[in-house]
Amino acid sequence: MEVITHTILAAVCMAATYFWGRYLSKDEILEGVVGTMLDRLEKDGFIRTVEGEDGDMELVPISEIISDDAK
């Protein structure tokens, strides 16, 4: 294998694994940011959430909050 061919092949493999890693980690980072933001907003009283049947946080619609406050 020539030097140039080997260099190009190695660079392409490194670039492919770099972008594959970024693609796989993007969801984890985004999930962490959104989860932290929702926790902070709930703690500060800007939103109201409940734990759903599957264990995930679910936002409470404004109509339910207004009807609860009116009672």
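**Salt bridge, surface patches and distances in a predicted model**

The structure holds 1 salt bridge. Its partners are the side chains of arginine 40 and aspartate 44, which meet at 3.0 Å, N to O. Side chains of opposite charge can pair when their charged atoms come close. Aspartate 44 has a relative accessible area of 40% and is therefore partly exposed.

The model is predicted. Its mean pLDDT is 86. A score of at least 70 is reached by 99% of the residues. Helix α1 covers residues 3–43. Where pLDDT is low, the predicted coordinates should not be read in detail.

A patch of negative charge is present on the surface. Asp27, Glu28, Glu31, Glu51, Glu53, Asp54, Asp56 and Glu58 gather there. Helix α1 supplies the largest share of this patch, with 3 residues. Aspartate 27, one of the residues in the patch, lies in helix α1. Its relative accessibility is 52%, so aspartate 27 counts as exposed; the cut-off for that class is over 50%.

A nonpolar patch is also found on the surface. Ile4, Ile8 and Val12 form it. Together these residues have about 300 Å² of accessible area. Isoleucine 4 belongs to helix α1. Because its relative accessible area is 58%, isoleucine 4 is exposed.

Helix α1 also holds valine 33. Valine 33 counts as exposed because its relative accessibility is 51%. Between valine 33 and glutamate 64 there are 27 Å, taken from C-alpha to C-alpha. Along the chain, valine 33 and glutamate 64 are 31 residues apart.

Aspartate 68 is placed in helix α2. With a relative accessibility of 45%, aspartate 68 counts as partly exposed, because that class lies between the limits of 20% and 50%. The C-alpha atoms of aspartate 68 and isoleucine 4 are 71 Å apart in space. In sequence, 64 residues separate aspartate 68 from isoleucine 4.

Notes: Residues numbered from 1 in each chain as written. Predicted model: local features only at pLDDT ≥ 70, side-chain atom pairs only at ≥ 80, totals over all residues. Heavy atoms only, no water. Patch = residues over 30% accessible without salt bridge, like charges linked within 9 Å, V, L, I, M, F, W, Y side chains within 5 Å. Areas by Shrake-Rupley, 256 points an atom, 1.4 Å probe, with all protein chains shown as cover. Salt bridge = Lys/Arg side-chain N within 4 Å of Asp/Glu carboxyl O. Lys, Arg positive; Asp, Glu negative; His and termini not counted. Charge placed at Lys NZ, Arg CZ, Asp CG, Glu CD. Helix = DSSP H or I, 4+ residues; strand = E, 2+ residues; numbered from the N terminus. Buried < 20%, exposed > 50% of the residue type's maximum accessible area, 1.4 Å probe, protein only. pLDDT = per-residue confidence, 0-100.
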